[in-house]
Amino acid sequence: MSKKECIAMLLAGGQGSRLRELTKKNAKPAVSFGGKFRIIDFPLSNCANSGIDTVGVLTQYRPYLLHAYIGNGAAWDLDEPGSGVTTLSPYATQEGMREFAGTADAIYQNLDFIKMHDPETVLILSGDQLYRMDYGKMLAAHKAHNAGLTIAVMPVPWEDASRFGILLKDDDDRVVRFDEKPEKPESNLASMGIYIFDAKLLIDELEADAIDPHSSHDFGGDIIPKLLAEEKPVYVYEFQDFWRDVGTVASYHETSMDLLGDDPKFDLYSDEFPIMSNVSTRPPHYLGPDAVVDDCLIDNGARIFGTVRHSIISTDSYVGERAIVEDSVLLPGAVVKDGAHVARAILGERAVVEENVKFGSVDTTKDTALAGDDVVIGRGE
Amino acid sequence: MKNKAIGLITANYKTSVPCALSKRRPMAGLPFAGRYRLIDFPLSNMVNAGIRTVGLIVPQNYRSLLDHVGTGRDWMLDRKNGGLFILPGTVYGGAHEGFRFLLRDIIDNKALLIRDSADYVVLSGSNVIVNLDLAAAIEAHEASGNSATIICHRATAINDDVYGLKVEGDRVVSLTRGVKYGDLESIDYCIFNRDDLIDVIENFAQADYMALEEAMFKAEQAYQIGYYEFEGYAAGIYDAKSYYDRTMDIRRPEVYTALFNPDRTIFTKAHDAPPAKYFKGSVVRDSLVSAGCRISGTVRGSALGRGVVVEPGAVVTNSIVMQSCVIESGARIENAIIDRYNLVPSGTELRGTPDDILIKEKAEYV
């Protein structure tokens with residue numbers, strides 16, 4: 001097999017419990033987003049658009065839909081022989097079988113995959129983030145610094161900084177300190193959970209970490225602090241564009257709303273850096289004789305007979321006559337029947353709101369209303 | 001694996017009325033319903049019936065058609081066993097209107113028929129918009145013991161562009177051009193026993209330009225030809241008027257559901273267009289809108305193809321706007337078909353009438 005400059009390892013195995021009902025039956029990276037995409041489309045498209053043709057996707061929690069969606073990777077042009085997408089799940093050996101115990105352990109258990117491709121560098125990605133990034137630029141910075149590890153960072157508002165892993169750097173972008181969720185942050189550069197490792201360093205560190213009884217086998221908690229303690233060359237790569245973690249119901253809703261408006265923070269319409277997806281073929285959507293649509297995204301196969309304001313209507317969703325949908329996200333196949341009113345809500349795939357039923361509230365002090373996949377919301381619920 | 005049936009689609013015939021939409025592309029490659037092309041219907045009907053070997057007879061101007069079908073991957077026809085076969089069509093078929101299945105086109109591509117061991121061959125044209133349970137029709141043909149079965153429906157209007165069936169009992173005795181209301185009208189899908197079809201083309205190997213059905217009826221051996229009546233939505237596209245009407249039909253819920261039945265997907269070339277975006281102030285009623293559109297203006301009673309931009313203050317009424325057109329601020333379009341890649345500048349009016357639809361030809365890709 002030919003030697004690769006860089007391969008990607010995409011961490012897609014977490015349960016994503018903070019998305020509550022949305023990940024009850026489905027892994028977080030396979031959750032629908034933006035009307036027709038699934039969350040994993042964003043990192044996979046970034047890989048394809050950055051010329052990274054080999055991606056290992058580490059799966060563990062409820063992987064069936066995720067595996068089916070990834071398929072052979074053809075939807076992202078990641079299906080060439082000897083490269084492309086490979087799904088990597090926990091497996092059995094002569095010593096038995098064990099699950100992935102942490103982000104670092106998940107990669108450790110798949111070191112054979114990395115060794116088989118024998119790359120110079122390994123890009124480690126998360127499967128729950130929305131952003132558009134040319135990893136080639138980060139790789140160039142990594143090489144220019146002759147770094148062992150490069151961590152992608154972005155400035156966050158100071159008041160939010162204590163929710164993130166915060167990095168302090170010197171004038172040469174070299175990391176001098178890493179504080180996980182500091183109470184009094186001394187910097188506002190937050191780790192995005194995107195790493196480029198020198199492959200040899202990664203292999204050595206993971207093999208050492210695997211036999212360390214005190215390690216929790218986590219990149220942020222164990223591997224990065226150890227590299228810094230050993231004064232290994234760790235650098236930051238500063239990213240300035242739009243980036244969001246969509247791992248909670250609130251951030252999922254807020255990030256969805258960020259796609260709307262006259263000048264959205266995230267441009268879905270870029271021709272040069274397209275977001276690719278593995279969607280089924282559905283016809284154009286239909287807006288009925290009395291439909292009202294105002295500041296929305298509406299995908300193929302949807303049928304709208306009522307009013308939709310400031311919302312995202314995904315593939316094959318339905319909004320009945322006299323129904324109102326506002327500040328909401330309807331996932332694929334969701335149905336809002338005649339006269340129903342849905343406000344600041346997320347309706348899971350094929351979820352149904354029955355006729356004349358009210359679901360959610362425009363009151364922004366209340367939590368976003370959420371109905372899981374296939375849930376039927378009737379009267380009194 | 002032995003296939004029960006293989007398919008053969010003719011996409012190289014011209015229709016009776018010359019039409020600006022098909023000046024630079026075969027009818028089979030005509031964009032339809034926002035994201036499809038006419039060829040998607042026969043291809044999808046065949047693969048939805050389990051057919052995995054399909055020959056596509058193409059005309060001389062096949063560029064856009066082949067750009068669309070590619071290796072057949074989007075119809076599951078990119079395969080080791082079987083798959084999509086692009087076959088050369090006669091010039092004669094493209095120069096003379098009215099053919100559905102020209103004997104010479106089948107003779108020239110006999111290899112497809114003799115290299116397979118399937119029992120049946122499904123022939124289809126590419127002008128009829130239908131979502132058909134072809135598997136059920138093949139079963140009915142199998143049970144009938146006939147040599148061929150012509151799939152038909154009851155004509156809903158006078159139409160000179162189609163073929164009517166004259167039947168006696170459950171047998172077809174002749175095919176004639178033109179139908180009136182209530183006649184049995186062919187929808188251009190026929191099922192043949194492969195052996196009988198090979199027999200016919202061998203017996204008529206010298207006949208140059210004869211229609212297949214003519215040969216069937218003329219043959220010394222009396223072939224038994226039956227018919228299978230289809231009761232769902234089926235309607236052909238032969239000119240700009242029927243193209244316009246068929247597109248507008250899809251706004252009717254029963255037609256939308258019949259054609260785009262999720263159990264039998266109409267497949268088409270995959271595109272990654274994001275959802276359509278409606279800006280504040282847009283007014284869109286009774287319209288079909290494809291992914292990738294960005295709409296700020298007013299759209300009524302219309303169908304928009306992929307990636308169409310309707311700027312603020314632009315008004316599109318009772319019209320079809322195909323892929324990638326830009327309707328600039330203040331432009332007005334009514335009773336028109338705007339072919340792909342057109343930019344309609346600010347202040348322009350393009351107006352036809354319900355009886356005389358205005359056609360703006362395809363612009364050069366920029």
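Start where the two chains meet: select the 37 residues of chain B and the 40 residues of chain A that make up the contact. Keep in mind as you go that this is a predicted model. Between them, chain B and chain A bury about 3,100 Å², and 49% of that lies on carbon and sulfur atoms. Now highlight Tyr256(B), Pro275(B) and Tyr278(B): this trio supplies 21% of the area that chain B buries against chain A, more than any other three residues.

Next, turn to the polar side of the interface. There are 24 residue pairs in polar contact between chain B and chain A, counting pairs with both residues at pLDDT 80 or more. Colour chain B by element and look at its side of the contact: the elements giving two or more residues are helix H10 (253–259), strand E14 (276–278), strand E15 (283–285) and strand E16 (287–289) of chain B. Colour that side by residue class instead, and you get 18 nonpolar residues, 10 polar and nine charged.

How many salt bridges are there between chain B and chain A? The count is two. To see one of them, select Lys280(B) and Asp295(A), whose closest N and O atoms are 3.5 Å apart.

Strand E16 of chain A (residues 285–287) is joined to E16(B) by three bridges, and the two run antiparallel. Pick Leu287(A) and look across: its bridge partner in E16(B) is Ser287(B).

Time to zoom out. Over all chains, the salt bridges come to 43, and a few are worth a stop.

Select Asp286(B) and Arg251(B), whose side chains meet in a salt bridge at 2.9 Å, N to O. Asp286(B) sits in the loop between E15 and E16 of chain B, while Arg251(B) is in the loop between helix H9 (240–249) and H10 of chain B, so this pair ties together parts that are 35 residues apart in sequence. Is Asp286(B) buried or partly exposed? With a relative accessible area of 22%, Asp286(B) is partly exposed.

While you're in that area of the sequence, select H9(B) itself. Eight of its 10 residues are buried, so the helix is largely enclosed by the rest of the structure. The buried ones are Ala240(B), Ser242(B), Tyr243(B), Tyr244(B), Arg246(B), Thr247(B), Met248(B) and Asp249(B).

**Over to chain A**

Switch to Glu186(A) and Arg177(A), where the side chains form a salt bridge at 2.8 Å, N to O. Arg177(A) counts as partly exposed, with 33% relative accessibility.

Arg62(A) has a positive phi of about 35° although it is not a glycine. You'll find Arg62(A) in the loop between strand E4 (54–58) and helix H2 (64–70) of chain A, partly exposed at 45% relative accessibility. Then jump to Asp118(A), another non-glycine with a positive phi, this time of about 50°. Asp118(A) is in the loop between helix H4 (111–117) and strand E8 (121–126) of chain A, and at 42% relative accessibility it counts as partly exposed.

Last stop: Ser328(A), in the loop between strand E21 (324–326) and strand E22 (329–330) of chain A. Where does its side chain reach? The side chain of Ser328(A) goes to the backbone oxygen of Glu326(A), at 2.7 Å. Ser328(A) is buried, with a relative accessible area of 0%. Show what surrounds Ser328(A), leaving out residues up to four places away in sequence, and its contacts are His253(A), Met257(A), His310(A), Ser311(A), Ile312(A), Val342(A), Ala343(A), Arg344(A) and Ala345(A).

Methods:
Residues are numbered from 1 along each chain as its sequence is written. Chains are lettered from A and ligands numbered from 1 in the order in which they are written. This is a predicted model: local features need pLDDT of at least 70, side-chain atom pairs count only at pLDDT 80 or more; totals for chains, interfaces and linings use all residues. Side-chain values use heavy atoms; hydrogens and water are left out. Contact means heavy atoms within 4.5 Å. Buried area is the accessible area (1.4 Å probe) that two parts lose on being put together, summed over both. A salt bridge is a side-chain nitrogen of Lys or Arg within 4 Å of a carboxyl oxygen of Asp or Glu. A polar contact is a pair of N or O atoms within 3.5 Å; within protein, one must be able to donate a hydrogen and the other to accept it, and residues adjacent in sequence count only if both atoms are side-chain atoms. Helices (H or I, at least four residues) and strands (E, at least two) are DSSP runs, numbered from the N terminus. Ala, Val, Leu, Ile, Met, Phe, Trp, Tyr, Cys and Pro count as nonpolar, Asp, Glu, Lys and Arg as charged, and the others, Gly among them, as polar. Two strands pair if DSSP finds at least two bridges between them. Buried means under 20% relative accessible area, exposed over 50%, partly exposed in between (1.4 Å probe, protein chains only).
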